[in-house]
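Let's take a look at a pocket in a protein, and then at a pair of helices. Keep the 3D view open while you read.

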Amino acid sequence: RVAMEASELWVGFVGAGRMAGGLVRGLLQAGKVPASNILASAPSDKNLDAWRELGCRTTHCNLEVVHRSTLVFLATKPHILPGVLEEIRPAVGSHHIVVSLVAGVTIQTLQRLLPPWTKVLRIMPNLPCVVQAGAMVFSRGSNAGDEEAALLKSLLSSCGLCEEVPESYIDIHTGLSGSGVAYVYLFAEALAEGAVKMGMPGALASRIAAQTLLGAAKMLLETGEHPAKLRGDVCTPGGTTIYALHQLEKGALRATVMDAVEAATNRACDMAKD
């Protein structure tokens, strides 16, 4: 049985990049797992120093992570993962839960490269997990049950929104949220530059643009209203907003963003086939 108490859970990270580090910060800030129960591996000390500063244990040995952990996160680069799985496969037991953060590697591939009994889950986070405001989805393999799914969701909810989905949605999530963060940054930049054009200092414009996006997102989440309803609430007949929206419609903003999500999703699908 998987231990549900945070103090009893031993968590390992094979790979110690920025996204994995963001998840760890969320777990620590929420008190989900003690730092002393977390062990991370990487080939060099380049990324491990930051983990040591958080109080986590580190190693250069992937096998040590597996031996000392119950919940093992795979956080390597995609091209490195097959070799890592070959290395750790002999150490993976029936008590392990293996969770992959690696883009483009399917659950089917993970299950094929690991022992047949392995409880495998796959998650796709996004960059704001680093500030505990991420959007994550996860899917489970054939041997992972409700208990494993509940444990993962409980842990990752400390890093932002976390939803279980069919695996086919993971590539869509990549196009919507993983890459979508960049679309929002581009929009925020354009908002601020518009204000600069009209005479506002750049630093102030950037802060107001960011807060505008934050407030709009919070209203979407907390009210549960459709975006079109909230957009309509801002518009008054003959007012400033409807004039601005008309310009956005002439620029085909909605169609362009939809095309961007489609392009990123298709690319994610292609990467999974490579």
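## What counts as a pocket

On a grid laid over the protein atoms alone, a pocket is an open set of points with protein on both sides within 12 Å along at least five of seven lines. Its volume is the space filled by probe spheres set on those points. Rolling a probe the size of a water molecule over the atoms shows where empty space is left. Keep in mind that the model here is a predicted one.

## The second largest pocket

The second largest pocket comes out at about 900 Å³. It is lined by 38 residues, and M19, A75, T76, K77 and L101 are the ones closest to its centre. Sorted by class, the lining has 20 nonpolar, twelve polar and six charged residues.

Which elements supply at least two residues each to this lining? They are α1 (18–29), β6 (119–124), α7 and α12. The top contributor is α12, which gives four residues.

## Where α7 meets α12

Two of those lining helices also pack against each other. The axes of α7 (residues 168–178) and α12 (residues 253–273) come within 8 Å and cross at roughly 140 degrees. Angles over 145 degrees would count as roughly antiparallel, so α7 is oblique to α12. The crossing is right-handed.

Who does the touching? On the α7 side, look for D171, I172, T174, G175 and L176; on the α12 side, find V261, A264, T265, A268 and C269. By class, this contact has six nonpolar residues, three polar ones and one charged one.

Notes: Residues are numbered from 1 along each chain as its sequence is written. This is a predicted model: local features need pLDDT of at least 70, side-chain atom pairs count only at pLDDT 80 or more; totals for chains, interfaces and linings use all residues. Side-chain values use heavy atoms; hydrogens and water are left out. Axes are lines fitted to C-alpha atoms, for helices over the stretch in contact, and angles run from 0 to 180 degrees between N-to-C directions. Angles under 35 degrees count as roughly parallel, over 145 as roughly antiparallel, 65 to 115 as roughly perpendicular and the rest as oblique. A crossing is left-handed if the near helix is turned anticlockwise from the far one by less than a right angle, and right-handed if clockwise. Contact means heavy atoms within 4.5 Å. Ala, Val, Leu, Ile, Met, Phe, Trp, Tyr, Cys and Pro count as nonpolar, Asp, Glu, Lys and Arg as charged, and the others, Gly among them, as polar. On a 1 Å grid over the protein atoms alone, a cavity is a set of points where a 1.4 Å probe fits but cannot get out, and a pocket is an open set with protein on both sides within 12 Å along at least five of seven lines; lining residues have an atom within 4 Å of a point.
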